[in-house]
Amino acid sequence: MTRMYFIFFWDMPGSALLAPSFLSLDTEGRVVRLDSFSKIFAPGARVGWLTARPEVAHKVTQCSEVMVWALSGVSQTVVHTMLDGWGPEGFDMHLQRLQWMYTGRRNRLHTAATRHLTGLAEWTLPTAGMFIWFDLAKSGVVDACDIVDQLLDAGISMVPGGSFSARTDGSPCSCFRASFSLLTDDDNVERGMARLADLLKRIRKEAEDTPACSEGRGPVGLALSAASSDTAAIVDRKTREAAALEAQLAALRAEIGTLTAAQQGSAPKPHSDLHGSGK
């Protein structure tokens with residue numbers, strides 16, 4: 001999904017200086033690209049588009065007709081009307097305005113984090129998107145799920161990084177994903193980062209005395225970690241089911257081979273000369 005593709009900060013390029021997508025590098029028609037207007041037009045629009053070779057697009061259309069039945073005609077009409085009115089140049093100017101707005105909000109969060117979290121967390125200034133990824137390992141945080149309830153109690157809402165991990169073994173993740181898309185008030189950002197810093201200082205002090213453990217998790221942290229465990233259990237069960245099916249398939253193939261060989265062995269051999277030699 002490339003819904004973040006246009007939210008690019010460097011020099012407010014609009015769409016002119018974006019990095020090449022996989023689609024532009026594809027020479028065999030194997031790349032399927034999905035784009036969405038949810039982050040560049042309106043979240044409630046729920047309208048996007050797919051770029052793929054015709055036969056793939058046709059199959060996706062058929063699946064969509066069966067699964068969705070009908071897309072929102074109102075949303076599509078609104079988006080189409082806006083794009084038609086803007087034209088390519090107007091849409092590019094709209095992207096530049098978004099890039100300017102999100103750059104300011106990113107800088108606002110980065111500046112406050114630098115002021116309050118230096119030495120407590122690590123992060124990289126993003127060049128696209130609308131999130132900053134904070135690693136709290138420096139503060140003694142082993143798994144973000146351990147402290148998510150404490151963050152909520154302090155009035156801070158960030159999503160534990162494990163929720164976005166491709167791993168299904170429940171491995172701990174010390175990171176949080178923080179969104180800056182709605183940060184329009186400097187005071188709120190400062191208060192949030194100051195509260196986070198106070199909490200991390202307390203956690204680091206406690207971690208120096210007591211090893212981190214999961215027993216202190218609140219209901220939200222427990223629910224998030226349980227969801228990860230459930231996912232791992234589902235993957236494990238499906239893996240075992242797939243292995244059992246593979247074994248059954250191999251047995252069926254062997255049985256078919258045996259039956260085919262027996263049938264060929266019992267079939268009468270054809271005569272080389274149907275009319276005989278005349279002798």
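Because the model is predicted, local features need pLDDT of at least 70 and side-chain atom pairs count only at pLDDT 80 or more, while totals for chains, interfaces and linings use all residues. Residues are numbered from 1 along each chain as its sequence is written, and side-chain values use heavy atoms, with hydrogens and water left out.

**The sheet**

Let's start with the strands. Helices (H or I, at least four residues) and strands (E, at least two) are DSSP runs, numbered from the N terminus. Three strands make an open sheet in the order β3-β5-β4, with antiparallel pairing; two strands count as paired if DSSP finds at least two bridges between them. The edges belong to β3 and β4 (159-160), each with a single partner strand, so one side of each has no neighbour in the sheet. Strands of a sheet pair through backbone hydrogen bonds, either parallel or antiparallel.

Here are the two pairings at a glance:

| Strand pair | Bridges | Example of facing residues |
|---|---|---|
| β3 and β5 | 5 bridges | F134 and F176 |
| β4 and β5 | 2 bridges | V159 and R177 |

**The core**

F134 turns up again in the largest nonpolar core, which has 38 residues; L109, L117 and F134 have the most contacts inside it. A nonpolar core here is a set of buried Ala, Val, Leu, Ile, Met, Phe, Trp, Tyr and Cys residues joined through side-chain atoms within 4.5 Å. Buried means under 20% relative accessible area, exposed over 50%, and partly exposed in between (1.4 Å probe, protein chains only). The elements giving two or more residues to this core are α3, β3 (131-135), α4 (148-153), β5 (175-179) and α5 (186-209), and α3 supplies the largest share, 9 residues.

What does L117 touch, leaving out residues up to four places away in sequence? Its contacts (heavy atoms within 4.5 Å) are W123, F134, M193, L196, A197 and L200.

One of these, L196, is found in helix α5. L196 is buried, with a relative accessible area of 0%. Leaving aside neighbours within four places in sequence, L196 is in contact with L117, L151, I156 and M158. L196 and G155 are 41 residues apart along the chain, and their C-alpha atoms are separated by 9.2 Å.

**The largest pocket**

On a 1 Å grid over the protein atoms alone, a pocket is an open set of points with protein on both sides within 12 Å along at least five of seven lines, and lining residues have an atom within 4 Å of a point. The largest pocket is lined by 24 residues, and V47, G48, W49, S64 and L71 lie nearest its centre. Elements giving two or more residues to that lining are β1, β2, α2 (54-67) and α3 (73-117), with α2 giving the most, 5 residues.

R46 has a positive phi of about 50 degrees although it is not a glycine. R46 is also exposed, with a relative accessible area of 69%.

Notes: 1 Å grid on protein atoms, 1.4 Å probe; cavity = no way out; pocket = protein on both sides within 12 Å on 5 of 7 lines; lining within 4 Å.
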